[in-house]
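Here are my notes for someone opening this one for the first time. Have a look at the model, then read through the points below.

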Amino acid sequence: MNTEDPHNLPIDHYILNQLKFALARDAESATPRDWWIATSKAVQSIIIERMIATQSVHHHGNVKRVYYLSLEFLMGRLFVNSMYSAGIYQDVLAALDKLGLDMDTLRREEYDMGLGNGGLGRLAACFLDSLATLDLPAVGYGIHYQYGLFKQEFRNGHQVELPDAWMQYGTPWEIVRPEYTIEIPIYGHVENIFDDLGNYVTKWVGWQKLLGVPYDIPIPGFGTQTVNFLRLWESRASEEFNLEAFNSGGYEQAVHEKNRSETVSKVLYPNDKTESGKELRLVQQYFFVACSLRDIIRRFHKSNTDWATFPDKVAVQLNDTHPAIAIVELMHLLHDEYKMPWDEAWGIVTRTFAYTNHTLLPEALEKWSVGLFQKVLPRHLQIIFEINKRFLETVEARWPGDVEKKRVLSLIEEGGSQMVRMAHLSVVGSHSVNGVAALHTRLLKSELFPEFDALYPGKFNNKTNGITPRRWLLACNPLLSGLVTSKLGHGWERDLDKLRGLEAFADDPQFQSDFMAVKQANKVELAKVILHDCGVEVDPTALFDVQIKRLHEYKRQHLNLLHILALYRRILQNPDAVVTPRVFVFAAKAAPGYDMAKLIIKAINAVGAKINSDPRIDGKLKVVFLPNYRVSLAQRIVPAADLSEQISTAGKEASGTGNMKLALNGALTIGTLDGANVEILEEVGGENIFIFGNTVEEVNALFAKGYKPGDYCNANEELRAVVDWVGSNYFTADEAPGVLQPLRDNLLYHDPFLCLADFESYSQAQEKVSIAFRDKARWAKMAILNTARVGKFSSDRTISEYARDIWKLDPVRIP
């Protein structure tokens, strides 16, 4: 009989036990995937012990928690990060070596969790990491999507979307909690009836039931015992199988309810170009917040009976407008179900919620038609109208007789059809509204919501975004993190400002050599990925010029493309010119219904195919578009980047976090004065960044006087040539004529994001990049100082500010 204390077993024993008892495998028959699962479960078992201890302390202490509601959590892979957070990476490495296994082989078995799309979801994941690391009691809430956004492939340069079946074979990191299943109502209609006390009341009736089954993913903190969790809701039918219909031969009817209900959590971001897509999107949003709020209230009632203390125990952060319906849902629960008077309920709601805005683009602010609300959430629509009526009374008191102010501020947009403005609802129903970069917050107050700022002085505040250094340096760049630790020791992983200590070595030739050797080794590894994924051989000594982010016109991947074409043309016309060899690396997904973004992908791939096969340029330029951009791919690209392209139109990017990840890993930024670029400039110094382009004020002035993109082509022969060139059939000879013509026409006649207005300034900045890169010592110093000076952009700093200023949340140390 084995009498060993399981808590003291070596990790290789943990792994072997999991292999045997969880997977029914022995060491001889186990596949690499079996070993990955067994190792993951062994790591998870250590984390779960800490999670149980954490939740026990939080429960018995009746602590205040923050609940982070987000439709996206872009978690990436958890295998290596979980080991680092648990402090057992080296132990697991030794255990795998003892078992004859390779860490890199096993980590490749993991599939990225398909729970998010872009920066919004990745920010949420970084925040969860920091919340646990800072010992802040927290729960993340989202949706347990069966399919992620999509798996991207390129066919003849065109984006093709395939299902991202990340859950096909399950994941070892989650725990299903059927005992906490939530039942929520949806659809139906509203009736006015007399209740049991003889009061004439509104009642929501005829609704259908939807079940939410929670799945928990433990989130361990780094250098601490705290383990919080992310709870994801999966939709289930209340009646999964109709046996009577089945027995009478109605096989499809027998499972109809099951299939319809499970569609809710089936896929991240259904195509909302159709009415059914819009309806599904609204249902998704309501489903996850309704489940989450009922779960929060259940937890609150375990230790509390006085509703007045609810905001003292519960802080809810809305990550953009997707969860905004939570404001109405909590009013519904308090007022309708718990019979709380309206003013008392509204007081609790507005002390509980806080809202983070992530966009300055008016078209990106969510609105739902009143008709759709009436169909899906009829009672909630009534509550919205009542909130709006009372709110407009406040507006009238502030600006008597000002109809225009009411029109601008109303939660309901009037026009062809009435629309519910979810951003307005978020502002009115929250006690705090924050932007995510200093510039973004200023524009939020001055351009997007100036009337709200005047009405609610002090409500708007800034919380500049951040990234977790545990994933974006320690785990993704072990060579650089090892070099940093050799100079500074440990501690920077939890206090990124300690990287300032590297400034002392910025002029040291030996440290410069070591730093750039790390960069070169990472570029060699990325070159292998490029060869494998794109079939293109690249020179790792060339400048790696990287633009990796969601594909959108305002992010201006097509401005980058115009510069590539200009370089290509210059080399063709002057083969003896001094050219800094470059590898242009793109990675991005375009939304399936976003035709222009998909056309830009096609254009980049077409131009790249021509350049990469043109012997006349002797390999001086290479252009690659890595398919299926995801967190794990970003972790391969970021450490290898020399130049970070952050070239959005000024005033359009809320913050950006890719800029922070790349700078932290020693990439120099070329960018506009947009989003967090402004603050990166302040931190690293103007001599260590390449700034170009029109400012926000200049952009506004251009549009105010009537922007004419053709004027810039007429004044610049090179620009006119490359714009015409990209729209010709030169790069798409194997396809029908005019494939890229819409891109050329869009630039020449519309150019809504000022690519042509910024082209000359961008080209000049790129020339400065080329000159600097050729001076190896200067470039090394600039790269070192970028790494050394971006400590401000740790998500630990961001979360500390949220906890102090918005949530009033104290850390709780776990013994």
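1. Start with strand β19 (residues 582-587): 6 of its 6 residues are buried, so the rest of the structure largely encloses it. Buried here means under 20% relative accessible area, with exposed over 50% and partly exposed in between (1.4 Å probe, protein chains only). Strands (E, at least two residues) and helices (H or I, at least four) are DSSP runs, numbered from the N terminus.

2. Before going on, a word on what you're looking at. This is a predicted model, where local features need pLDDT of at least 70 and side-chain atom pairs count only at pLDDT 80 or more, while totals for chains, interfaces and linings use all residues. Residues are numbered from 1 along each chain as its sequence is written, and side-chain values use heavy atoms, leaving out hydrogens and water.

3. Which way do the β19 side chains point? Arg-582, Phe-584 and Phe-586 go one way, Val-583, Val-585 and Ala-587 go the other, and all are buried. In a regular strand, side chains alternate between the two faces of the sheet.

4. Now the neighbours of β19. Strand β18 (residues 543-548) pairs with β19 in the parallel sense over 6 bridges, and Val-546 stands opposite Val-585 in β19. From β18 the chain crosses through helix α23 (residues 557-573) to β19, a right-handed β-α-β crossover. Pairing takes at least two DSSP bridges between the strands; right-handed means that, with the strands pointing away from the viewer, the path from the first strand over the helix to the second runs clockwise.

5. Strand β20 (residues 621-625) also pairs with β19 in the parallel sense, over 5 bridges, with Phe-584 opposite Val-623 in β20. Together β19, helix α24 (residues 595-612) and β20 make a right-handed β-α-β unit.

6. The structure holds 3 cavities of 30 Å³ or more. On a 1 Å grid over the protein atoms alone, a cavity is a set of points where a 1.4 Å probe fits but cannot get out, and a pocket is an open set with protein on both sides within 12 Å along at least five of seven lines; lining residues have an atom within 4 Å of a point. Points are joined across faces, edges and corners, and a volume is the space filled by probe spheres set on them.

7. The largest cavity has about 180 Å³ of space. It is lined by 14 residues, the closest to its centre being Met-75, Leu-78, Asn-81, Asp-129 and Arg-471. Two or more lining residues come from each of α3 (79-86), α6 (119-133) and β9 (208-220), and α6 gives the most, with 4.

8. The second largest cavity, at about 90 Å³, has 13 lining residues, with Asn-62, Val-63, Arg-65, Arg-299 and Phe-300 nearest its centre. The largest share of its lining, 3 residues, is from α10.

9. Finally, check the second largest pocket, with about 520 Å³ of space. Of its 20 lining residues, Val-201, Thr-202, Lys-203, Asp-336 and Lys-339 are the closest to the centre. What gives the most to this lining? That's β8, with 5 residues. The lining of this pocket divides into 9 nonpolar, 4 polar and 7 charged residues (Ala, Val, Leu, Ile, Met, Phe, Trp, Tyr, Cys and Pro count as nonpolar, Asp, Glu, Lys and Arg as charged, and the others, Gly among them, as polar).
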